[in-house]
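Here are my comments on the model you sent. Please read them with the coordinates open.

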Amino acid sequence: MKIYIMRHGEAEHFAASDSERALTAHGIDCSISVAKSAALNGAQEIDKVLVSPYLRAQQTWQAIESNFDTKSVETCADITPYGQAEQVFDYVTALIDVEKLNSVMLVSHLPLVGYLTAEFVPDMIPPMFPTSGMICIEFDPETQSGQKVWHLNPQ
């Protein structure tokens, strides 16, 4: 099965709160570019998408969703910048089992995206993600272990 982990696009530096930072026009463009590349690399169909409640992650998903055939989208309060990778990993693996998913995408933030990648690919050091970066992991729910397939960054 496939796990896709994406960091939100470039956001404004200032807002009333961190959770209210909006995407810049450049952030939207880069996110769309990465999403198009992901679709060309096999990510056309996604069973479940989990999106952080923060504005910049929600806007990233809104900008890219037309590139994917998605069955279900859920706002997930556990995937904010300070979410716990171990808990998110447990939640996602439970979803995979209960909902019989073949693919899951998470749209989230640093540092969680790096730590979460390392949870799904145990021998990997948490990678840095530029804004709009996305990684694809081939994950085996039986062994609870995965391998990186590709890692896309905006051009």
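Predicted model: local features only at pLDDT ≥ 70, side-chain atom pairs only at ≥ 80, totals over all residues.

The numbered points below cover the cores, one threonine, the cysteines and the backbone.

1. Main core. The largest nonpolar core holds 24 residues. Ile 3, Ile 5, Val 92, Leu 106 and Phe 120 touch the most other members. Elements giving two or more residues are β1 (2–7), α3, β4 (103–108), α4 (112–120) and β5 (134–140). Helix α3 gives the most, with 6 residues.

2. Second core. A separate core of 20 residues is also present. Met 6, Val 34, Met 105 and Cys 136 are among its members.

3. Phe 120. Look at its contacts beyond four places in sequence. Ile 3, Ile 5, Phe 89 and Val 92 are among them. Thr 93, Ile 137 and Phe 139 are also in contact with Phe 120.

4. Thr 93. This residue lies in helix α3, which spans residues 85–99. Is Thr 93 buried or exposed? Its relative accessible area is 12%, under the 20% cut-off, so Thr 93 counts as buried. The Thr 93 side chain reaches back to the backbone oxygen of Asp 90, at 3.1 Å. Setting aside residues up to four places away in sequence, Thr 93 touches Phe 120, Phe 139 and Gln 144.

5. Cysteines. How many disulfides does a search of the whole structure find? The count is 0. Cys 76 is in no disulfide, and the nearest cysteine sulfur, that of Cys 136, is 20 Å away. Cys 76 is buried, at 5% relative accessibility. Cys 30 is buried as well, with a relative accessible area of 10%.

6. Cis peptide. Please check the bond that joins Leu 110 and Pro 111. The peptide there is cis, with omega about 0°. Pro 111 sits in the loop between β4 and α4.

7. Lys 100. Phi is near 55°, a positive value in a residue other than glycine. Lys 100 belongs to the loop between α3 and β4. At 60% relative accessibility it passes the 50% cut-off, so Lys 100 counts as exposed.

8. Gln 144. Here, too, phi is positive, near 55°, and the residue is not glycine. Gln 144 is in the loop between β5 and β6 (145–152). Gln 144 is partly exposed, with a relative accessible area of 36%. As noted under Thr 93, Gln 144 is one of the residues that Thr 93 touches.

Key
Residues numbered from 1 in each chain as written. Heavy atoms only, no water. Helix = DSSP H or I, 4+ residues; strand = E, 2+ residues; numbered from the N terminus. Buried < 20%, exposed > 50% of the residue type's maximum accessible area, 1.4 Å probe, protein only. Polar contact = N/O pair within 3.5 Å; in protein donor to acceptor, adjacent residues only side chain to side chain. Contact = heavy atoms within 4.5 Å. Disulfide = S-S within 2.5 Å. Core = buried A, V, L, I, M, F, W, Y, C linked by side-chain atoms within 4.5 Å.
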